[in-house]
Amino acid sequence: MKGFDLENVAEVNQSEGINLPEVKSTTTVSKPENDSTTTNSPQTITQAAAQNFSKILELAGGLVEIKKMKVASEAVLAKMEADRKILLAEAEAYVDKMNAATKSAVDRMNVIRLMMQDYNQQSSPNITSEDFKDIITKTIEDLGRMKNE
Amino acid sequence: MSSIDYVSLALAAIKDKVKQEIAEEFRESYTKLLETEVQARRTKVQADILEMSKLSIELSKFEVTYNEIKCQCGTIESVENKILEIRKRIRLISENKNKPLIIRM
(Lines give C-alpha, C1' and ligand atoms only; values in the text may rest on other atoms or scores of the structure.)
Protein backbone atom coordinates (compact mmCIF):
# COMPACT_ATOMS: atom_id res chain seq x y z
CA MET A 1 0.00 0.00 0.00
CA LYS A 2 2.78 2.39 0.81
CA GLY A 3 4.79 4.24 -1.72
CA PHE A 4 1.93 5.19 -4.04
CA ASP A 5 2.68 8.58 -5.61
CA LEU A 6 -0.30 10.92 -5.38
CA GLU A 7 1.17 13.90 -7.19
CA ASN A 8 -0.24 12.84 -10.53
CA VAL A 9 -3.72 12.30 -9.08
CA ALA A 10 -3.68 15.79 -7.55
CA GLU A 11 -2.66 17.30 -10.89
CA VAL A 12 -5.48 15.51 -12.71
CA ASN A 13 -7.99 16.67 -10.12
CA GLN A 14 -6.86 20.28 -10.38
CA SER A 15 -7.13 20.18 -14.14
CA GLU A 16 -10.68 18.77 -13.76
CA GLY A 17 -11.61 21.69 -11.51
CA ILE A 18 -11.93 19.50 -8.43
CA ASN A 19 -10.15 20.67 -5.35
CA LEU A 20 -8.94 17.74 -3.41
CA PRO A 21 -7.35 18.33 -0.06
CA GLU A 22 -3.64 18.17 -0.40
CA VAL A 23 -2.29 14.83 0.67
CA LYS A 24 1.43 14.66 0.99
CA SER A 25 2.82 11.60 -0.65
CA THR A 26 5.87 11.32 1.47
CA THR A 27 5.06 7.83 2.62
CA THR A 28 7.34 5.33 1.13
CA VAL A 29 7.44 1.62 0.90
CA SER A 30 9.35 0.25 3.82
CA LYS A 31 12.36 -1.54 2.61
CA PRO A 32 14.50 -4.12 4.16
CA GLU A 33 17.65 -2.77 5.68
CA ASN A 34 19.82 -4.61 3.27
CA ASP A 35 17.85 -3.27 0.29
CA SER A 36 19.95 -0.76 -1.54
CA THR A 37 17.27 0.55 -3.97
CA THR A 38 15.76 4.03 -3.49
CA THR A 39 12.20 4.26 -2.19
CA ASN A 40 10.80 6.14 -5.21
CA SER A 41 12.49 4.12 -7.83
CA PRO A 42 10.40 3.32 -10.92
CA GLN A 43 10.30 -0.28 -9.90
CA THR A 44 8.80 0.50 -6.49
CA ILE A 45 6.22 2.86 -7.99
CA THR A 46 5.21 0.28 -10.56
CA GLN A 47 4.85 -2.32 -7.88
CA ALA A 48 2.76 0.00 -5.71
CA ALA A 49 0.57 0.95 -8.67
CA ALA A 50 0.08 -2.69 -9.57
CA GLN A 51 -0.88 -3.54 -6.01
CA ASN A 52 -3.38 -0.67 -5.81
CA PHE A 53 -4.65 -0.87 -9.34
CA SER A 54 -8.25 -1.63 -8.39
CA LYS A 55 -8.30 1.30 -5.97
CA ILE A 56 -6.78 3.61 -8.56
CA LEU A 57 -9.48 2.56 -10.99
CA GLU A 58 -12.09 3.18 -8.33
CA LEU A 59 -10.72 6.68 -7.75
CA ALA A 60 -10.70 7.46 -11.43
CA GLY A 61 -14.28 6.21 -11.64
CA GLY A 62 -15.21 8.48 -8.77
CA LEU A 63 -13.67 11.49 -10.51
CA VAL A 64 -15.49 10.70 -13.72
CA GLU A 65 -18.74 10.33 -11.84
CA ILE A 66 -18.31 13.75 -10.20
CA LYS A 67 -17.55 15.31 -13.56
CA LYS A 68 -20.60 13.58 -15.09
CA MET A 69 -22.85 14.86 -12.31
CA LYS A 70 -21.60 18.40 -12.83
CA VAL A 71 -22.14 18.30 -16.59
CA ALA A 72 -25.62 16.82 -16.22
CA SER A 73 -26.64 19.38 -13.62
CA GLU A 74 -25.31 22.22 -15.77
CA ALA A 75 -27.41 20.98 -18.68
CA VAL A 76 -30.56 20.84 -16.55
CA LEU A 77 -29.89 24.29 -15.11
CA ALA A 78 -29.35 25.69 -18.62
CA LYS A 79 -32.67 24.17 -19.71
CA MET A 80 -34.45 25.71 -16.75
CA GLU A 81 -32.96 29.10 -17.60
CA ALA A 82 -34.06 28.71 -21.22
CA ASP A 83 -37.57 27.79 -20.03
CA ARG A 84 -37.65 30.95 -17.92
CA LYS A 85 -36.71 33.09 -20.88
CA ILE A 86 -39.34 31.38 -23.05
CA LEU A 87 -42.01 32.00 -20.41
CA LEU A 88 -41.17 35.70 -20.23
CA ALA A 89 -41.09 36.03 -24.02
CA GLU A 90 -44.42 34.20 -24.30
CA ALA A 91 -46.05 36.51 -21.78
CA GLU A 92 -44.73 39.56 -23.61
CA ALA A 93 -45.96 38.23 -26.96
CA TYR A 94 -49.37 37.46 -25.46
CA VAL A 95 -49.71 41.01 -24.12
CA ASP A 96 -48.77 42.47 -27.52
CA LYS A 97 -51.16 40.16 -29.33
CA MET A 98 -54.06 40.98 -27.02
CA ASN A 99 -53.31 44.67 -27.28
CA ALA A 100 -53.32 44.58 -31.07
CA ALA A 101 -56.51 42.48 -31.25
CA THR A 102 -58.39 44.74 -28.87
CA LYS A 103 -57.18 47.89 -30.58
CA SER A 104 -58.40 46.55 -33.89
CA ALA A 105 -61.82 45.59 -32.43
CA VAL A 106 -62.18 48.96 -30.71
CA ASP A 107 -61.23 50.84 -33.89
CA ARG A 108 -63.85 48.96 -35.90
CA MET A 109 -66.50 49.62 -33.26
CA ASN A 110 -65.59 53.31 -33.27
CA VAL A 111 -66.01 53.57 -37.03
CA ILE A 112 -69.53 52.13 -36.80
CA ARG A 113 -70.39 54.13 -33.69
CA LEU A 114 -69.28 57.41 -35.28
CA MET A 115 -71.38 56.62 -38.36
CA MET A 116 -74.42 55.98 -36.17
CA GLN A 117 -73.71 59.11 -34.13
CA ASP A 118 -73.39 61.18 -37.29
CA TYR A 119 -76.67 59.83 -38.65
CA ASN A 120 -78.39 60.47 -35.33
CA GLN A 121 -77.14 64.06 -35.11
CA GLN A 122 -78.64 65.09 -38.43
CA SER A 123 -81.84 67.00 -37.78
CA SER A 124 -83.29 66.17 -41.21
CA PRO A 125 -81.58 63.01 -42.47
CA ASN A 126 -80.73 63.08 -46.16
CA ILE A 127 -80.92 59.33 -46.34
CA THR A 128 -83.70 57.04 -45.31
CA SER A 129 -83.35 54.66 -42.46
CA GLU A 130 -83.39 51.73 -44.90
CA ASP A 131 -80.51 53.25 -46.85
CA PHE A 132 -78.62 53.83 -43.65
CA LYS A 133 -79.20 50.20 -42.62
CA ASP A 134 -77.77 49.04 -45.94
CA ILE A 135 -74.77 51.33 -45.67
CA ILE A 136 -73.93 50.33 -42.13
CA THR A 137 -74.41 46.62 -42.92
CA LYS A 138 -72.07 46.93 -45.88
CA THR A 139 -69.53 48.84 -43.77
CA ILE A 140 -69.60 46.15 -41.07
CA GLU A 141 -69.11 43.45 -43.71
CA ASP A 142 -66.17 45.36 -45.21
CA LEU A 143 -64.60 45.82 -41.81
CA GLY A 144 -65.02 42.10 -41.11
CA ARG A 145 -63.39 41.27 -44.42
CA MET A 146 -60.48 43.61 -43.65
CA LYS A 147 -60.00 41.87 -40.30
CA ASN A 148 -59.83 38.45 -41.94
CA GLU A 149 -57.33 39.51 -44.59
CA MET B 1 -4.70 3.90 6.50
CA SER B 2 -2.65 4.33 3.38
CA SER B 3 -2.46 7.43 1.20
CA ILE B 4 -4.84 5.98 -1.32
CA ASP B 5 -7.41 5.39 1.39
CA TYR B 6 -7.13 9.05 2.40
CA VAL B 7 -7.68 10.06 -1.17
CA SER B 8 -10.71 7.76 -1.42
CA LEU B 9 -12.10 9.35 1.69
CA ALA B 10 -11.48 12.85 0.38
CA LEU B 11 -13.06 11.94 -2.93
CA ALA B 12 -16.16 10.61 -1.20
CA ALA B 13 -16.40 13.85 0.76
CA ILE B 14 -16.04 15.87 -2.42
CA LYS B 15 -18.72 13.79 -4.11
CA ASP B 16 -21.09 14.49 -1.24
CA LYS B 17 -20.28 18.18 -1.39
CA VAL B 18 -20.85 18.32 -5.15
CA LYS B 19 -24.18 16.48 -4.76
CA GLN B 20 -25.23 18.94 -2.09
CA GLU B 21 -24.24 21.90 -4.25
CA ILE B 22 -26.13 20.50 -7.24
CA ALA B 23 -29.25 19.93 -5.13
CA GLU B 24 -29.06 23.49 -3.84
CA GLU B 25 -28.60 24.89 -7.36
CA PHE B 26 -31.58 22.84 -8.58
CA ARG B 27 -33.73 24.09 -5.75
CA GLU B 28 -32.82 27.73 -6.44
CA SER B 29 -33.29 27.38 -10.17
CA TYR B 30 -36.62 25.60 -9.81
CA THR B 31 -37.90 28.23 -7.39
CA LYS B 32 -36.86 30.90 -9.86
CA LEU B 33 -38.65 29.04 -12.66
CA LEU B 34 -41.84 28.79 -10.62
CA GLU B 35 -41.66 32.47 -9.77
CA THR B 36 -41.24 33.32 -13.43
CA GLU B 37 -44.18 31.08 -14.33
CA VAL B 38 -46.36 32.86 -11.80
CA GLN B 39 -45.12 36.26 -12.97
CA ALA B 40 -45.84 35.38 -16.61
CA ARG B 41 -49.31 34.20 -15.67
CA ARG B 42 -49.89 37.42 -13.74
CA THR B 43 -48.78 39.51 -16.72
CA LYS B 44 -51.19 37.63 -19.01
CA VAL B 45 -54.10 38.03 -16.58
CA GLN B 46 -53.36 41.74 -16.24
CA ALA B 47 -53.45 42.06 -20.03
CA ASP B 48 -56.75 40.11 -20.13
CA ILE B 49 -58.38 42.37 -17.54
CA LEU B 50 -57.16 45.49 -19.31
CA GLU B 51 -58.48 44.31 -22.68
CA MET B 52 -61.80 43.24 -21.16
CA SER B 53 -62.27 46.65 -19.57
CA LYS B 54 -61.36 48.45 -22.80
CA LEU B 55 -63.84 46.36 -24.77
CA SER B 56 -66.57 46.77 -22.14
CA ILE B 57 -66.20 50.55 -22.13
CA GLU B 58 -66.31 50.74 -25.92
CA LEU B 59 -69.24 48.32 -26.04
CA SER B 60 -71.22 50.49 -23.61
CA LYS B 61 -70.62 53.60 -25.74
CA PHE B 62 -71.52 51.61 -28.85
CA GLU B 63 -74.77 50.36 -27.32
CA VAL B 64 -75.79 53.83 -26.15
CA THR B 65 -75.36 55.23 -29.68
CA TYR B 66 -77.11 52.24 -31.22
CA ASN B 67 -80.08 52.53 -28.87
CA GLU B 68 -80.43 56.18 -29.91
CA ILE B 69 -80.82 55.36 -33.60
CA LYS B 70 -82.77 52.17 -32.95
CA CYS B 71 -85.89 54.30 -32.36
CA GLN B 72 -85.59 55.81 -35.86
CA CYS B 73 -84.22 52.89 -37.88
CA GLY B 74 -85.41 49.89 -35.93
CA THR B 75 -83.19 46.88 -35.32
CA ILE B 76 -80.10 46.61 -37.51
CA GLU B 77 -79.12 42.96 -37.63
CA SER B 78 -75.46 43.49 -38.49
CA VAL B 79 -75.03 45.90 -35.57
CA GLU B 80 -76.78 43.45 -33.24
CA ASN B 81 -74.38 40.75 -34.45
CA LYS B 82 -71.45 43.05 -33.87
CA ILE B 83 -72.59 43.59 -30.27
CA LEU B 84 -72.93 39.83 -29.78
CA GLU B 85 -69.47 39.30 -31.28
CA ILE B 86 -67.88 41.76 -28.85
CA ARG B 87 -69.74 40.23 -25.89
CA LYS B 88 -68.51 36.80 -26.97
CA ARG B 89 -64.97 38.10 -27.19
CA ILE B 90 -65.17 39.53 -23.68
CA ARG B 91 -66.55 36.20 -22.42
CA LEU B 92 -63.73 34.26 -24.10
CA ILE B 93 -61.08 36.50 -22.58
CA SER B 94 -62.70 36.05 -19.19
CA GLU B 95 -62.75 32.25 -19.55
CA ASN B 96 -59.12 32.26 -20.63
CA LYS B 97 -58.23 34.42 -17.66
CA ASN B 98 -59.90 32.03 -15.23
CA LYS B 99 -58.20 28.91 -16.55
CA PRO B 100 -56.28 27.10 -13.80
CA LEU B 101 -52.53 27.55 -13.69
CA ILE B 102 -50.66 24.50 -15.00
CA ILE B 103 -47.14 24.37 -13.70
CA ARG B 104 -44.68 22.61 -15.96
CA MET B 105 -42.33 20.19 -14.30
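This is a predicted model: local features need pLDDT of at least 70, side-chain atom pairs count only at pLDDT 80 or more; totals for chains, interfaces and linings use all residues.

Reader: Ok, how do helix α1 and helix α2 of chain B sit against each other?
Author: In chain B, the axes of helix α1 (residues 3-73) and helix α2 (residues 77-97) come within 9 Å and cross at roughly 160°. That makes α1(B) roughly antiparallel to α2(B).

Reader: And what kinds of residues are in that contact?
Author: The contact of α1(B) with α2(B) has 12 nonpolar, 3 polar and 10 charged residues. As for handedness, α1(B) passes α2(B) in a left-handed crossing.

Reader: Switching to the two chains: how many residues of chain A and chain B are in contact?
Author: There are 55 residues of chain A in contact with 51 residues of chain B.

Reader: How much area is buried there?
Author: About 5,000 Å² is buried between chain A and chain B, and carbon and sulfur atoms give 74% of that. On the chain A side, Leu87(A), Met109(A) and Met116(A) supply 13% of the area that chain A buries against chain B, more than any other three residues.

Reader: Which helix of chain A packs on α2(B)?
Author: One that does is α3(A), at an angle of about 160° to α2(B), with the axes 12 Å apart. α3(A) and α2(B) are therefore roughly antiparallel to each other, and α3(A) passes α2(B) in a left-handed crossing.

Reader: Which residues meet there?
Author: From α3(A), they include Tyr94(A), Met98(A), Met109(A) and Met116(A). From α2(B), Val79(B), Ile86(B) and Ile93(B) are among them. By class, the contact of α3(A) with α2(B) has 10 nonpolar, 2 polar and 3 charged residues.

Reader: New topic, salt bridges. Why would side chains pair up like that?
Author: Side chains of opposite charge can pair when their charged atoms come close.

Reader: How many are there over all chains?
Author: A search of the whole structure finds 16 salt bridges, and 2 salt bridges are found across the interface of chain A and chain B.

Reader: What does Lys55(A) pair with?
Author: Lys55(A) forms a salt bridge with Asp5(B), and their closest N and O atoms are 2.5 Å apart.

Reader: And what about Asp107(A), what's its partner?
Author: Asp107(A) forms a salt bridge with Lys103(A), with the closest N and O atoms 3.1 Å apart. Both Asp107(A) and Lys103(A) lie in helix α3 (residues 53-121) of chain A, 4 residues apart, which is about one turn of the helix.

Conventions: Residues are numbered from 1 along each chain as its sequence is written. Chains are lettered from A and ligands numbered from 1 in the order in which they are written. Side-chain values use heavy atoms; hydrogens and water are left out. Axes are lines fitted to C-alpha atoms, for helices over the stretch in contact, and angles run from 0 to 180 degrees between N-to-C directions. Helices (H or I, at least four residues) and strands (E, at least two) are DSSP runs, numbered from the N terminus. Angles under 35 degrees count as roughly parallel, over 145 as roughly antiparallel, 65 to 115 as roughly perpendicular and the rest as oblique. A crossing is left-handed if the near helix is turned anticlockwise from the far one by less than a right angle, and right-handed if clockwise. Ala, Val, Leu, Ile, Met, Phe, Trp, Tyr, Cys and Pro count as nonpolar, Asp, Glu, Lys and Arg as charged, and the others, Gly among them, as polar. Contact means heavy atoms within 4.5 Å. Buried area is the accessible area (1.4 Å probe) that two parts lose on being put together, summed over both. A salt bridge is a side-chain nitrogen of Lys or Arg within 4 Å of a carboxyl oxygen of Asp or Glu.
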